[in-house]
Amino acid sequence: MENTVETRKKRVLSMIQPTGVFTLGNYLGALRNFVALQDDYECVYALADLHAITVRQEPAAFRKNTLSAYAMMLALGINPEKSIFFIQSQVPEHAQLAWILNCYTQFGELSRMTQFKDKAAKHADNVNAGLFTYPCLMAADILLYNADYVPVGADQKQHLELARNVAERFNGLYSPTFVVPEGLIPKTGARIMSLQDPTKKMSKSDDNTASFITMLDTPDQIIKKFRRAVTDSEACVRYGEGKDGINNLMGIYSSITGKTYAEIEREFDGRGYGDFKTAVGEAVVETLEPIQTRYKALVQDKAYLEKCYSEAAPRAEAIARRTLHKAMKKVGYLPTIR
Ligand code: TRP
């Protein structure tokens, strides 16, 4: 029977770029939520390697990072049997629908994207067309799978809004074709900040490696980075204004232990920042250790990784192809006969 929009299980779609080792910010802000969503939704996840080349990649490192990101996602709990977890470049429909959506997106709309402006400033020597039309590719990623929900970090909200607008525009011009998705922005741990400048988001592209924790940092590195984390001079563990560093550490601690801010304040009442930083560091170490153990085994098992992504691509493509052809028909393309 036709799987209609009304009767199917709600679908979640999200992707992440495989451009380097993931950070604790990626994990607590997004990836851990990807894992949890697998219990309640039909999940489609992918490594956005087409997006990745909007910034120049060195081929050997890029290949290695993609495989390593795939292994890390499995290690942290993406279940390749339950969810479809594929690699974007292996499903050509993404590039195909992205082209069509390019023609339904205005130059002015794309010019307003803050991520484009930021990245164009950061990579002034390579402001390529892909960087500019990147949101159309992201819209294609989302719309191909009829996603109901798209878990994204706060920095991707504007791109998601664009995807919704483009979907509505296309549906309005022709007839309902795409599902207009809702964002899913996690409540806690949504925004993990830099340990060195807690007004900035934690980012692996930060020049100062002490500002971020990676998923592969050793226990020793993790503890040291937390001990060096920038705080304030009040020496009181409480959540408050002007206490960005402590707020961030409390956010991390709360997101890992499930404790509320009030409980954390009570736990560290009368104790200094040293104790608190060590406790946060130890909690992070404890969370990352089992993931790292699984990662180390998985990343060496190339045959298994290859089997997982090779089986996922045709499953993804079966869904993507139908949506693409539906859209192509609406536009007026002749059907492809093979
Ligand atoms: N642009 C997203 C990022 O950099 C990654 C991404 C690509 C994505 N396609 C997507 C996220 C589709 C959600 C849905 O974080």
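Which helices and strands each supply at least two residues of the lining of the largest pocket? In this predicted model, local features need pLDDT of at least 70 and side-chain atom pairs count only at pLDDT 80 or more, whereas totals for chains, interfaces and linings use all residues. Residues are numbered from 1 along each chain as its sequence is written, and side-chain values use heavy atoms, with hydrogens and water left out.

The elements in question are strand E1 (11-16), helix H1 (24-37), helix H2 (49-52), helix H6 (114-122), helix H7 and strand E4 (149-151), where helices (H or I, at least four residues) and strands (E, at least two) are DSSP runs numbered from the N terminus. H1 provides the largest share of this lining, 6 residues. The pocket (on a 1 Å grid over the protein atoms alone, an open set of points where a 1.4 Å probe fits, with protein on both sides within 12 Å along at least five of seven lines) is lined by residues having an atom within 4 Å of a point. These lining residues number 48, and Gln-115, Lys-119, Asp-155, Gln-156 and Lys-201 lie nearest the pocket centre.

The ligand sits in the largest pocket, in the sense that more than half of its atoms lie within 2 Å of the grid points. Both E1 and H7 (129-144) give two or more residues to the shell around the ligand, with H7 giving the most, 4 residues. Among the polar contacts (N or O atom pairs within 3.5 Å), a polar side-chain atom of Asp-141 lies 2.6 Å from a ligand nitrogen atom, and one of Tyr-134 lies 2.8 Å from a ligand nitrogen atom.

Note on methods
Polar contact = N/O pair within 3.5 Å; in protein donor to acceptor, adjacent residues only side chain to side chain.
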